[in-house]
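Keep the viewer open as you read.

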Amino acid sequence: ISSHHHLRQGRIEKARGTLERLIEIEPNMAKAYNASCVVELRSGRLEQAERACRVAIRLNPDNASSWVNLASVYVTARRYEDTREAAEKALSIQPKHAEAEYLLGITYANLGAFDRAEEHSRRGLAVSPNHPGLRKLDAQLAARKRQP
């Protein structure tokens, strides 16, 4: 809870320190590694983020959030095939996961598969109509269709 609070306040180093101490005390706590993945991702430390996500997944492979966080690491690194695999795994665990749909939409848009991107955008918006990323993606895809 403390690391989450620090992260929301933009205190990345405090969040990282809290999580490092927690992991020392509880080395098998998947949630701590998942949170560490988010901290490292927001810090732009993609290798560390991927490593933390992988540990979280090893400890709890059925946590859709860990798979989505790993997909977020991959999409940031422009590793679209890896993004697709991780986001699809998240959806296999939790079929109505707006963020996973968003990541798939972004992935397919970047690969030029705009019909697939639209499909994932629509499915995500059906789950979470106010998801800012999905709304932006949907608008970008619609604008692309209107271009001559």
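For what follows, Ala, Val, Leu, Ile, Met, Phe, Trp, Tyr, Cys and Pro count as nonpolar, Asp, Glu, Lys and Arg as charged, and the others, Gly among them, as polar. One more thing before we start: this is a predicted model.

Take the second largest pocket, with a volume of about 160 Å³. Its lining is made of Leu 19, Glu 20, Ile 23, Tyr 33, Ser 36, Glu 40, Gln 48, Arg 51, Ala 52 and Val 55. Helices H2 (12–25), H3 (30–42) and H4 (46–59) are the elements that each give two or more residues to that lining, and H4 has the largest share, with four residues. Sorted by class, the lining residues come out as five nonpolar, two polar and three charged.

Now over to the helix packing. Two packed helices are described by the angle between their axes and the distance between the axes. Helix H7 (residues 98–110) is a handy one to follow, and its partner H5 (residues 64–76) packs against it at an angle of about 25 degrees, with the axes 10 Å apart. Angles under 35 degrees count as roughly parallel, so H5 is roughly parallel to H7. The crossing of H5 past H7 is left-handed. On the H5 side the contact uses Val 68, Ala 71, Ser 72 and Val 75, while H7 brings Glu 99, Ala 100, Leu 103, Ile 106 and Thr 107. Six of these contact residues are nonpolar, two are polar and one is charged.

Helix H6 (residues 80–93) is another partner of H7, and here the packing angle is about 155 degrees, with the axes 9 Å apart. That makes H6 roughly antiparallel to H7. This crossing, too, is left-handed. Tyr 80, Thr 83, Arg 84, Ala 87, Glu 88, Ala 90 and Leu 91 of H6 touch Ala 100, Glu 101, Leu 103, Leu 104, Thr 107, Tyr 108 and Asn 110 of H7. The contact residues split into eight nonpolar, three polar and three charged.

What about H7 and helix H9 (residues 132–146)? Their axes come within 9 Å and cross at roughly 30 degrees, and H7 and H9 are therefore roughly parallel to each other. H7 passes H9 in a left-handed crossing. From H7, the residues involved are Ala 98, Glu 101, Tyr 102, Gly 105, Ile 106 and Ala 109, and they meet Gly 133, Leu 134 and Leu 137 of H9. Here the contact residues are six nonpolar, two polar and one charged.

Methods
Residues numbered from 1 in each chain as written. Predicted model: local features only at pLDDT ≥ 70, side-chain atom pairs only at ≥ 80, totals over all residues. Heavy atoms only, no water. Axes fitted to C-alpha atoms, helices over the stretch in contact; angles between N-to-C directions. Parallel < 35°, antiparallel > 145°, perpendicular 65-115°, else oblique. Left-handed = near helix turned anticlockwise from the far one by under 90°. Contact = heavy atoms within 4.5 Å. 1 Å grid on protein atoms, 1.4 Å probe; cavity = no way out; pocket = protein on both sides within 12 Å on 5 of 7 lines; lining within 4 Å. Points joined across faces, edges and corners; volume = space filled by probe spheres on them.
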